[in-house]
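Biologist: I would like to learn how to read a structure, feature by feature. Can we take it step by step?

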Amino acid sequence: MQTKTTILATTALTLGLATGAAAQEVPPAAEDDVLKIGLIYTLSGPAAALGEQARNGFMLAAERMGEIGGMETEIVVIDDEQRPDKAADDARELVQREEVDFVVGPIFSNILVAIHQPVTETGTILISTNAGTSNFAGPDCHPNFFVTSYQNDQNHEVMGAYAEQQGYQNVFLMAPNYQAGKDSLAGFKHSYTGGVAGEVFTELGQLDFSSELAQIAAFQPDALFTFMPGGMGVNLVKQYDQAGLSSIPFLSAFTVDETTLPATQDAAVGLLGGANWAPDLDNEANAEFVSAYIEEYGHVPGTYAMQAYDAAQLINSAVSKVGGDLTDRDALRAALKEADFDSPRGDFSFGVNNYPVQDFYLVEAVKREDGMYGTSAQEKIFDDYVDTYAEQCQMGAS
């Protein structure tokens, strides 16, 4: 095992030992022989569980590989504290001081917007394992930017399609007031043609939903559709249950998942969501990933972990293809574009905008046979789905 982890704090650099049970110290190598990867995730505050899953997923893959792309590997981990200004400074430090070859992350779209230019303009490859804003999928697509998650609208489009299937005509919509929240409602409306009972944008990080729940109770819509990741989702699900609104179907994405279910538990069982993956998808790569993750961390992985796990696999495949020569950026980008690895989600390839082409599912929150809570795939909604913004991307156009 030749992977070293560095925790880069706001004001100090703390060096850690190599990770994993089989890790051992390695002698310093020439700079050109070391693959350096920077991880930027939200690792503190109410949304820390999301970033922790992503970090854990990436590190699990790195530990299983030993050397990513056959190279001695150093991984620098940064907590962006969900602050765009700090994240932009962190990104500059990674590419200028740390001279990383790849930046991986973040969770939130406003953080992605902050770090995108500082990373990509230097020629460094940025791989988003969660945030997937519409602008970077469309007119602002960039050859140094790859996504292993989705375009933000897509999981929400799953729920719009489901609401359409159910014949709902009066849905209440609610999301936080930032880019991913706006993308979520746009995605839902893209595949839903019925009426809207109400549309509310809350503060990002809001934890008290009593006012919004009172509106829902008054409107009595056919269903609620919401996007509330992390601690926001935990509080909303609990308060929804306590308010006695269970007769109104609760549809969501990134609200009822493996990061929130340990806290919401039975209050969330039976609630539906849209996702590009679930822990019970039936393929060998997924079985290996889920089993290894549970063994290592003691809880069920979510999409955040899976997508970061795939980012490590993506880097491994590309660096291996170029024989560790990271100086030929065109060859490296071409190797990344091939996406030559087995994803736990199954089908995976890149579209013209470097966003994934993949399947999407209706998932349900369940209590598993092992007593833990997770999501279960119920129905494939979209097959090999290309995001709706890809046609606006001119990357590679003659």
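**Reading the features**

Modeller: Asn-354 is buried, with a relative accessible area of 2%. The model is predicted, so every value here is computed from predicted atoms.

Biologist: Where is Asn-354 placed?

Modeller: Asn-354 sits in the loop between β13 and β14 (356-367).

Biologist: Take Gln-82 next. What is its phi?

Modeller: Gln-82 is not a glycine, yet its phi is positive, about 60 degrees. Gln-82 lies in the loop between β4 (72-79) and α2 (84-97).

Biologist: Is Gln-82 buried, partly exposed or exposed?

Modeller: Buried means under 20% relative accessible area, and exposed means over 50%. Gln-82 is at 23%, so it counts as partly exposed.

Biologist: Let us turn to peptide bonds. Which residues does a cis peptide bond join?

Modeller: Most peptide bonds are trans. In this model, a cis bond links Gly-105 to Pro-106, with omega about 5 degrees. Pro-106 is in the loop between β5 (102-104) and α3 (109-120).

Biologist: Now a side chain. Where is Arg-345 found, and is Arg-345 buried or exposed?

Modeller: Arg-345 belongs to the loop between α12 (329-338) and β13 (349-350). Its relative accessible area is 3%, so Arg-345 is buried.

Biologist: Which polar partners does the side chain of Arg-345 reach?

Modeller: One is the backbone oxygen of Thr-148, which the Arg-345 side chain reaches at 2.8 Å. Another is the side chain of Asp-310, in a polar contact of 2.9 Å.

Biologist: Which residues does Arg-345 touch?

Modeller: Leave out residues up to four places away in sequence. Then Arg-345 touches, among them, Ser-149, Asn-276, Trp-277, Leu-281, Gln-358 and Tyr-361.

Biologist: Next, helix pairs. At what angle do α5 and α6 pack?

Modeller: For a helix pair, read the angle, then the axis distance, then the residues. Helix α5 (residues 153-166) packs on helix α6 (residues 179-190) at about 40 degrees, with axes 6 Å apart. That angle makes α5 oblique to α6. The crossing of α5 past α6 is right-handed.

Biologist: Which residues in α5 and α6 meet?

Modeller: From α5 come Asp-153, His-156, Glu-157, Met-159, Gly-160 and Ala-163. They meet Asp-183, Ser-184, Ala-186, Gly-187, Phe-188 and His-190 in α6. By class, this contact has 4 nonpolar, 5 polar and 3 charged residues.

Biologist: How do α1 and α11 pack?

Modeller: Helix α1 (residues 48-65) and α11 pack at about 35 degrees, with their axes 7 Å apart. The crossing of α1 past α11 is right-handed. Among the residues in contact are Leu-50, Phe-58 and Ala-61 of α1, and Tyr-304, Ile-315 and Asn-316 of α11. The classes are 13 nonpolar, 4 polar and 1 charged.

Biologist: Let us end on Asn-316. How far is Asn-316 from Ala-61, in sequence and in space?

Modeller: They are 255 residues apart in sequence, and 9.6 Å apart in space, C-alpha to C-alpha. Asn-316 is in helix α11 (residues 303-321). Its relative accessible area is 22%, so Asn-316 is partly exposed. Leaving aside neighbours within four places in sequence, Asn-316 is in contact with Met-65, Glu-67, Ile-68 and Gly-69.

Definitions and conventions
Residues are numbered from 1 along each chain as its sequence is written. This is a predicted model: local features need pLDDT of at least 70, side-chain atom pairs count only at pLDDT 80 or more; totals for chains, interfaces and linings use all residues. Side-chain values use heavy atoms; hydrogens and water are left out. Axes are lines fitted to C-alpha atoms, for helices over the stretch in contact, and angles run from 0 to 180 degrees between N-to-C directions. Helices (H or I, at least four residues) and strands (E, at least two) are DSSP runs, numbered from the N terminus. Angles under 35 degrees count as roughly parallel, over 145 as roughly antiparallel, 65 to 115 as roughly perpendicular and the rest as oblique. A crossing is left-handed if the near helix is turned anticlockwise from the far one by less than a right angle, and right-handed if clockwise. Contact means heavy atoms within 4.5 Å. Ala, Val, Leu, Ile, Met, Phe, Trp, Tyr, Cys and Pro count as nonpolar, Asp, Glu, Lys and Arg as charged, and the others, Gly among them, as polar. Buried means under 20% relative accessible area, exposed over 50%, partly exposed in between (1.4 Å probe, protein chains only). A polar contact is a pair of N or O atoms within 3.5 Å; within protein, one must be able to donate a hydrogen and the other to accept it, and residues adjacent in sequence count only if both atoms are side-chain atoms.
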